[in-house]
Amino acid sequence: MAVCETCGNTYDNAFTLTRGGESHTFDSFECAAHRMAPRCAHCGCMILGHGVESENSTYCCSHCAREAGHPQARDQV
Ligand SMILES: [Zn+2]
Ligand SMILES: [Zn+2]
């Protein structure tokens, strides 16, 4: 049995994600995404795909990157 870090649910099929040497335990992918996924620096939505990286910020799409002042940003294809 393990306890989800996001919602506190106790679940025997919980899984662990490791990033940067730290392990995190979750009961569902939704909870994992909620805690682990980066946020778009422009609109704040969760980035579940590759996103668009510009200098020090990450955006959900090239539109947000351009709105935030990176006119050359392109979606990764
Ligand atoms: Zn959870
Ligand atoms: Zn966005």
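The model is predicted, so local features are reported only at pLDDT of at least 70 and side-chain atom pairs only at pLDDT 80 or more, while totals for chains, interfaces and linings use all residues. Residues are numbered from 1 along each chain as its sequence is written, chains are lettered from A and ligands numbered from 1 in the order in which they are written, and side-chain values use heavy atoms, with hydrogens and water left out.

Donors here are N, O and S atoms within 2.8 Å of the metal (3.2 Å for Na, K and Ca), and sites may look incomplete because water is not among the atoms. Two of them link distant parts of the chain: Cys-7 sits in the loop between β1 and β2, and Asp-27, 20 residues apart from it, in the loop between β4 (22-26) and α1. Helices (H or I, at least four residues) and strands (E, at least two) are DSSP runs, numbered from the N terminus. Cys-7 is partly exposed at 47% relative accessible area, whereas Asp-27 is buried at 15%. In these terms, buried means under 20% relative accessible area, exposed over 50%, and partly exposed in between (1.4 Å probe, protein chains only).

Next comes the zinc ion (ligand 2). Its protein donors are Cys-40 (SG), Cys-43 (SG), Cys-60 (SG) and Cys-64 (SG), which lie 2.3 to 2.4 Å from the ion. This site is tetrahedral as well, with angles of 106 to 113 degrees among its 4 donor atoms, and the donor residues are spaced C-x2-C-x16-C-x3-C in sequence. Cys-40 belongs to the loop between α1 (29-36) and β5 (52-54) and Cys-64 to helix α2 (residues 62-67), so this pair ties together parts that are 24 residues apart in sequence. Cys-40 is buried at 4% relative accessibility, and Cys-64 is buried at 5%.

Side chains of opposite charge can pair when their charged atoms come close. The whole structure holds 1 salt bridge, meaning a side-chain nitrogen of Lys or Arg within 4 Å of a carboxyl oxygen of Asp or Glu. The partners are Glu-5 and Arg-35, with their closest N and O atoms 3.0 Å apart. Since Glu-5 lies in the loop between β1 (2-3) and β2 (10-11) and Arg-35 in helix α1, the pair ties together parts that are 30 residues apart in sequence. Both residues are partly exposed, Glu-5 at 32% and Arg-35 at 44%.

Aromatic rings come next. The structure holds 1 aromatic pair. Rings of Phe, Tyr and Trp (its six-membered ring) pair if their centres lie within 6.5 Å; planes under 30 degrees apart count as stacked, over 60 as edge-to-face and the rest as tilted. The ring centres of Phe-15 and Phe-26 are 6.4 Å apart and the planes meet at 50 degrees, so the pair is tilted. Phe-15 is in strand β3 (residues 15-19) and Phe-26 in strand β4. Phe-15 is partly exposed at 29%, while Phe-26 is buried at 0%.

Methods:
Four donors count as tetrahedral if all angles lie between 85 and 135 degrees; four count as square planar and six as octahedral if opposite donors are over 155 degrees apart and all others between 65 and 115; anything else is irregular.
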